Amino acid sequence: MNKHVLITGGSRGIGAATARYLAGQGYNLCINYRCDRQAADALVAEIKANFAVSCIAVQADISIEAEVVHLFEEMDERLGVITHLVNNAGLLQPQMKVMEMSAERINKTLTTNVTGYFLCCREAVRRMAVGSAIVNVSSAAARLGSAGEYVDYAASKGAIDVLTKGLSLEVAAKGIRVNGVRPGFIYTEMHADGGEPDRVDRIKDLIPLQRGGQPAEVAAAIAWLLSDEASYSTGTFIDLAGGR
């Protein structure tokens with residue numbers, strides 16, 4: 001079948017690396033972004049210049065239900081019905097202990113990182129046929145807790161692990177697979193969102209492999225889980241945290 005993939009949060013970091021990787025495997029791509037249109041358009045232009053695939057960018061804030069619905073309708077019309085979903089968009093707020101967190105902060109994190117993923121899964125599953133696949137981008141934080149930094153983010157990713165497992169069981173009989181990846185300490189712009197751009201370098205000596213990871217390494221795992229090579233894998237996770 002023709003492969004049409006939606007990558008949420010696809011204009012930077014792991015999302016952009018995944019877009020490049022999947023373009024090389026012949027996927028037609030819908031790159032979702034929230035606010036950085038320039039980066040999204042530049043990525044679309046790069047992919048079109050280097051790969052013989054269709055590629056579009058669509059703006060949507062996945063924490064808003066109406067915008068998620070519009071995102072999928074726009075993809076239907078301009079690219080084709082979704083066959084593969086990479087749920088990657090995520091919000092990381094400045095480092096803070098739980099005792100200092102407001103309800104506003106907590107709810108903002110959960111609405112994007114949890115509700116947004118649920119909504120994208122809902123719209124995808126409504127459209128998907130046998131052979132389709134979803135990969136949810138979780139985090140090693142779901143296992144490690146991120147104490148003193150972002151427990152709210154870690155908790156949101158724990159919820160995504162449960163979503164991945166539960167949804168995989170709901171749709172298995174329909175021939176739709178749902179898996180997850182749990183990246184750890186990856187060199188992306190997201191650490192700057194948390195207030196510490198050099199976080200990976202600070203902690204890399206504590207990682208068994210003695211280094212941070214690259215977005216392309218996560219993209220390769222995502223691509224495998226989407227592929228027919230992983231046709232008997234559902235409700236599973238690949239940890240990409242250097243041994244932590």
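Visitor: Why are α1 and α2 called roughly parallel to each other?

Guide: The axes of helix α1 (residues 13-23) and helix α2 (residues 37-50) come within 10 Å and cross at roughly 20°, where axes are lines fitted to C-alpha atoms, for helices over the stretch in contact, and angles run from 0 to 180 degrees between N-to-C directions. Angles under 35 degrees count as roughly parallel, over 145 as roughly antiparallel, 65 to 115 as roughly perpendicular and the rest as oblique; α1 and α2 are therefore roughly parallel. This is a predicted model, in which local features need pLDDT of at least 70 and side-chain atom pairs count only at pLDDT 80 or more, while totals for chains, interfaces and linings use all residues. Residues are numbered from 1 along each chain as its sequence is written, and side-chain values use heavy atoms, with hydrogens and water left out.

Visitor: Which residues of α1 and α2 meet, and what is their make-up by class?

Guide: On the α1 side, Ala16, Ala19, Arg20 and Ala23 meet Leu43, Glu46 and Ile47 of α2, contact meaning heavy atoms within 4.5 Å. By class, this contact has 5 nonpolar, no polar and 2 charged residues (Ala, Val, Leu, Ile, Met, Phe, Trp, Tyr, Cys and Pro count as nonpolar, Asp, Glu, Lys and Arg as charged, and the others, Gly among them, as polar).

Visitor: What makes α4 roughly parallel to α6?

Guide: Helix α6 (residues 151-171) and α4 pack at an angle of about 20°, with their axes 9 Å apart, and that angle makes α4 roughly parallel to α6. α4 passes α6 in a right-handed crossing, the term for a near helix turned clockwise from the far one by less than a right angle, anticlockwise being left-handed. Among the residues that meet are Leu110, Tyr117 and Phe118 in α4 and Tyr153, Ile160 and Leu163 in α6; the residues of this contact divide into 12 nonpolar, 3 polar and 3 charged.

Visitor: Why is glycine 116 called buried?

Guide: Glycine 116, which lies in helix α4 (residues 103-127), has a relative accessible area of 0% and is therefore buried, since buried means under 20%, exposed over 50% and partly exposed in between (1.4 Å probe, protein chains only). Not counting residues up to four places away in sequence, glycine 116 touches Ile62 and Thr111.

Visitor: How do you know that β2 is largely enclosed by the rest of the structure?

Guide: The count gives the reason, because 6 of the 6 residues of β2 are buried. Asn28, Cys30 and Asn32 on one side and Leu29, Ile31 and Tyr33 on the other are all buried, which leaves both faces of β2 covered.

Visitor: What makes β3 and β7 the edge strands, and what is the order of the sheet?

Guide: The open sheet has 7 strands in the order β3-β2-β1-β4-β5-β6-β7, and the pairing is parallel; β3 (55-59) and β7 (237-240) are the edge strands, and each pairs on one side only. Two strands pair if DSSP finds at least two bridges between them, and strand β6 (residues 177-183) pairs with β7 in the parallel sense over 4 bridges. Within that pair, arginine 182 stands opposite aspartate 239 in β7.

Visitor: Which strands does α1 touch, and which does α2 touch?

Guide: Packed on the sheet, α1 touches β1 (4-7), β2 (28-33), β4 (84-87) and β6, and its direction makes about 170° with that of β1. α2 also packs on the sheet, touching β2 and β3, and its direction makes about 170° with that of β3.

Key. Helix = DSSP H or I, 4+ residues; strand = E, 2+ residues; numbered from the N terminus.
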